[in-house]
Amino acid sequence: AIHADYEWPVKGIDLTASIIEEKDYGQRTMGTADTEQITIENLSAFTLNISLQINAENYQGNLFSIAGVEYGLDKAAVKPYVKIGDKTYWSSNRLYTSDNWAQNSTGTSSDNWPTPLKAFNITLTYDGNLLTIYRNGLIDQSIEVTGLTANNINIGGYDGKLHHATVCNRSLTQDEVKMLI
């Protein structure tokens, strides 16, 4: 994904009526066996937004599960995945940044020095037919799936920190997702 410093103006969006759960965890330290659970009513359309960071020395794990959907990071591929039942959907993007290229590049040979992201935001939206994953407000994956119902959210299974979680009672648009970051 291409990132830019430009911020698109987003005006007039009020998510107050849509937010049903909002938790600020501060800098809660998470180990691979630690989980936080959020219990919500049965929702056939929903949004889950999580701000977290994963320890660079143990850059892997299950990040969260909701409605029979597991979202995690594979250590070998350094790619996020979504598991629904026995099917795994892989992101085409690695969960890295190349922000340190200026210090490490050897010229214009198109080499890069990817490094783990320090902190990032993951948002999952579901409208009853389409599951969409956003990373820092940008669409990462879209998966057609029906029949999901959210009632319990488990966050954890990774080594790092949990900052914030928000749950909405509907599928947010991309502009609305950006408001949660």
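Are Phe46 and Tyr126 buried or exposed? Both of them are buried. Keep in mind that this is a predicted model. Now for some exercises.

**Exercise 1.** Find out what kind of aromatic pair Phe46 and Tyr126 form.

*Solution.* Start with the whole structure: a search turns up 3 aromatic pairs. For Phe46 and Tyr126, the ring centres sit 5.5 Å apart, and the planes meet at 40 degrees, so this pair is tilted.

**Exercise 2.** Work out which residues touch the most other members of the largest nonpolar core.

*Solution.* This core holds 39 residues, and the answer is Phe64, Ile66 and Leu131. Now ask where the core draws its largest share from: strand 3 supplies it, with 5 residues. Then zoom in on Ile66. Skipping neighbours within four places in sequence, Ile66 is in contact with Phe46, Leu48, Leu124, Ala150, Asn152 and Ile153. There's also a second, separate core of 6 residues, with Leu15, Tyr134, Val177 and Leu180 among them.

**Exercise 3.** Sketch the chain as a whole.

*Solution.* First, count the elements: 2 helices and 14 strands. Second, check burial: 40% of the chain's 181 residues are buried. Third, look at contacts with a separation of 6 or more: 64% of them join residues 24 or more positions apart.

Technical notes: Residues numbered from 1 in each chain as written. Predicted model: local features only at pLDDT ≥ 70, side-chain atom pairs only at ≥ 80, totals over all residues. Heavy atoms only, no water. Phe/Tyr/Trp six-rings, centres within 6.5 Å; stacked < 30°, edge-to-face > 60°. Buried < 20%, exposed > 50% of the residue type's maximum accessible area, 1.4 Å probe, protein only. Core = buried A, V, L, I, M, F, W, Y, C linked by side-chain atoms within 4.5 Å. Helix = DSSP H or I, 4+ residues; strand = E, 2+ residues; numbered from the N terminus. Contact = heavy atoms within 4.5 Å.
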